[in-house]
Amino acid sequence: MLKDRLIEKKMSVYRCSELSGIPYTTLSDLIRGKTKLANCTADTLYRLSKTLGVTMEELLLESTEYRSCFETFKSEVCHYVKAQGDIDFIIETLQSGDIRRYWNRKWYPEAFYLLAMVDYLSRIHDLPACTDYDDVRSCSLKEPLYPRDISLASKISPDLDVKEDCLREAIPEFKRFNIIESGIRNVC
């Protein structure tokens, strides 16, 4: 997570070390995961938080971030769209930088899903696509990622064409990234 912060600030490890007064090797160990942020002294956390422009609490929370399963992630995104509304979801997602943050963490399904959702909602509301993510748009998952229930159904009854049916009904913006999604509005 520190690496993401440095990238956002366009700051090298060396520059961060200079500005914060934290030894380069300490910062390097933190970024590579060799040392955990939670094990740092309060002084190190304080200096780092001031240099990066975040609170100490934010640094600690980010360092313990949990990655939920993809099905849970998709459900949370769809619920958020429903609660916020399409336009507010687009604005908040683009302002948050979450797509790039997931991309930099190599959480590709999450990055693709958010970008696909933004692109889909932009298309249905006749809004221009945000060009900040054209580099992400040029990539996709190697294998199709079907909803869990479709994958299970195809294993239980291989003679059924559930995957083909799902693929045929997939939303193009998701399909571009090899994510097979057809129902973003059917959340309770």
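**Ground rules**

I number residues from 1 along each chain as its sequence is written, and I leave out hydrogens and water, so side-chain values use heavy atoms. For this predicted model, local features need pLDDT of at least 70 and side-chain atom pairs count only at pLDDT 80 or more, while totals for chains, interfaces and linings use all residues.

**Entry 1: the chain**

I looked up the secondary structure. The chain has 13 helices and zero strands. Helices here are DSSP runs (H or I, at least four residues), strands are E runs of at least two, and numbering starts at the N terminus. I then took the extent of the C-alpha trace: about 60 × 40 × 30 Å along its principal axes. The chain has 188 residues, and 41% of them are buried. Buried means under 20% relative accessible area, exposed over 50%, partly exposed in between (1.4 Å probe, protein chains only). I also checked contacts, meaning heavy atoms within 4.5 Å. Of those with a separation of 6 or more, 63% join residues 24 or more positions apart.

**Entry 2: α6 against α9**

Two packed helices are described by the angle between their axes and the distance between the axes. I looked up α6 (residues 70-84) and α9 (residues 108-124). Their axes come within 11 Å and cross at roughly 25 degrees. That makes α6 roughly parallel to α9. The axes are lines fitted to C-alpha atoms, for helices over the stretch in contact, with angles from 0 to 180 degrees between N-to-C directions. Angles under 35 degrees count as roughly parallel, over 145 as roughly antiparallel, 65 to 115 as roughly perpendicular and the rest as oblique.

The crossing of α6 over α9 is right-handed. Right-handed means the near helix is turned clockwise from the far one by less than a right angle; anticlockwise is left-handed. From α6, the contact uses Phe 70, Phe 73, Lys 74, Val 77, Cys 78 and Val 81. From α9 come Pro 109, Glu 110, Tyr 113, Leu 114, Met 117 and Leu 121. I sorted this contact by class: ten nonpolar, no polar and two charged residues. Nonpolar covers Ala, Val, Leu, Ile, Met, Phe, Trp, Tyr, Cys and Pro; charged covers Asp, Glu, Lys and Arg; the others, Gly among them, are polar.

**Entry 3: α6 against α7**

Next I took α7 (residues 86-96). Its axis is 6 Å from that of α6, at an angle of about 120 degrees. That makes α6 oblique to α7. This crossing is right-handed too. Val 77, Tyr 80, Val 81 and Gln 84 in α6 meet Asp 86, Asp 88, Phe 89 and Glu 92 in α7.

**Entry 4: aromatic pairs**

I searched the whole structure and found eleven aromatic pairs. Rings of Phe, Tyr and Trp (its six-membered ring) pair if their centres lie within 6.5 Å; planes under 30 degrees apart are stacked, over 60 edge-to-face, the rest tilted.

Phe 70 and Tyr 113 pair edge-to-face, 5.8 Å centre to centre, with 90 degrees between the planes. Phe 70 lies in α6 and Tyr 113 in α9, so the pair ties together parts 43 residues apart in sequence. Phe 70 is buried at 14% relative accessibility, and Tyr 113 is buried at 0%.

Tyr 80 and Phe 89 are also edge-to-face: 5.9 Å between centres, 65 degrees between planes. Tyr 80 is partly exposed at 33%, whereas Phe 89 is buried at 2%.

Last, I noted a cluster. Ring pairs link Phe 70, Phe 73, Tyr 102, Trp 107, Tyr 113 and Phe 174.
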